[in-house]
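Below is a short report on a protein model. It covers a strand pair, transmembrane annotation, cavities and pockets.

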Amino acid sequence: MWHPPSSLSGLGIDTKAEQWCTSWWHQFKVLFQRGLRERRYESFNRLRIFQVISVAVLGGLLWWHTPTSHIQDRIALLFFFSVFWGFYPLYNAVFTFPQERRMLIKERASGMYHLSSYFLARTFGDLPLELALPTAFVFIIYWMGGLKADPITFILSLLVVLYNVLVSQSLGLAIGAILMDIKQATTLASVTTLVFLIAGGYYVQQIPTFIVWLKYLSYSYYCYKLLLGVQYSEDDYYECSKGVLCRVGDFPAVKSMGLNHLWVDVCIMALMLVGYRLVAYLALHRVQLR
């Protein structure tokens, strides 16, 4: 006996009555494979590769073998890491869900898969695609810039940058999922990145107390601090003038950031990573009812 479909806010489906023909794990695998096929060309298109590699080479030339005595320039290079790979992934991620909105609503309305399987497949499918270019970027500019020539320091710096990429991407996904409009999302992303840039700890070292809380919302601040902590310790010395050695911990730009409690910064970024993605997931639930 045929039963007419109940309505879901005009979409023609009642999610409570959805009958899944396949398991959650099968849905995840199919969506994961589909996502890799669809996005590998987008992530590795020639324009994007040229953009990232050219910036890395140009930056490497500008910071070419910066001497250890030029600590201000070396710190600026570390901040450039946190800025570029804090904002570039965010702007790319903002477009994700607004562009897929119609497809998501149509496929969800027909009961093709759970929202959780789609979201997790999207999350894990982006990892190898989104982390490849940052790895190449850091590998080029790190050694060209003459940063600490130690394999462990290099690997830790790379991990911090990749960590920052994931947090930045998470915020971009959250903004896109909440607004579901590309123009509005890019506008909000521009304002957010500008605030994070200013409050990142490099341009303004002594932020007024009534607004100092703003820097603790910036993942660029934590990434910058972690990169400093990986590259230097408070007892390191640099040549501040000819024949005179000074402690790195006493350098104003380093002193204002501090080199202690780095694990606290790692944990805070982890909370941001999970929190932003949870917000994005909950926002996608609301999209289904529009």
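Tyr237 has Arg247 in strand E2 as its bridge partner. Strand E1 (residues 237-241) and strand E2 (residues 244-247) run antiparallel and are joined by four bridges. Two strands pair if DSSP finds at least two bridges between them. Helices (H or I, at least four residues) and strands (E, at least two) are DSSP runs, numbered from the N terminus. E1 and E2 make a hairpin, with two residues between them. Gly243 sits in the turn and has a positive phi of about 80 degrees.

This is a predicted model: local features need pLDDT of at least 70, side-chain atom pairs count only at pLDDT 80 or more, and totals for chains, interfaces and linings use all residues. Residues are numbered from 1 along each chain as its sequence is written, and side-chain values use heavy atoms, with hydrogens and water left out.

**Annotated segments**

The unreviewed UniProt entry places "transmembrane region" at residues 47-64, 76-98, 119-142, 154-179, 186-204 and 262-284. UniProt positions follow the numbering used here, feature names are shortened, and annotations may be inferred rather than shown by experiment. Over residues 76-98 the chain is 96% helix and 0% strand, with its end C-alpha atoms 35 Å apart. Residues 154-179 are 100% helix and 0% strand, and there the end C-alpha atoms are 38 Å apart.

**Cavities and pockets**

The search uses a 1 Å grid over the protein atoms alone. A cavity is a set of points where a 1.4 Å probe fits but cannot get out. A pocket is an open set with protein on both sides within 12 Å along at least five of seven lines. Lining residues have an atom within 4 Å of a point. Grid points are joined across faces, edges and corners, and a volume is the space filled by probe spheres set on the points. For residue classes, Ala, Val, Leu, Ile, Met, Phe, Trp, Tyr, Cys and Pro count as nonpolar, Asp, Glu, Lys and Arg as charged, and the others, Gly among them, as polar.

The structure holds four cavities of 30 Å³ or more.

| Space | Volume | Lining by class |
|---|---|---|
| Largest cavity | about 80 Å³ | four nonpolar, one polar, five charged residues |
| Second largest cavity | about 60 Å³ | seven nonpolar, two polar, two charged residues |
| Largest pocket | about 270 Å³ | four nonpolar, five polar, eight charged residues |
| Second largest pocket | about 220 Å³ | nine nonpolar, no polar, no charged residues |

Which helix gives the most to the lining of the largest cavity? H1 does, with five residues. Helix H1 (24-43), helix H4 (96-109) and helix H5 (115-144) each supply at least two. The lining includes Arg34, Glu38, Arg39, Glu100 and Arg122.

The second largest cavity has Trp85, Tyr88, Asn92 and Glu130 among its lining residues. Helix H3 (71-94) and H5 are the elements that give two or more residues to that lining.

The largest pocket has a volume of about 270 Å³. It is lined by 17 residues, of which Arg39, Glu42, Asn92, Thr96 and Arg122 are the closest to its centre. H1, H3, H4, H5 and helix H6 (151-179) each supply at least two residues. H1 gives the most here, with four.

The second largest pocket has a lining with no polar and no charged residues. Its lining includes Leu156, Tyr163, Leu226 and Trp263. H6, helix H8 (219-231) and helix H10 (262-287) each supply at least two residues. H6 provides the largest share, four residues.
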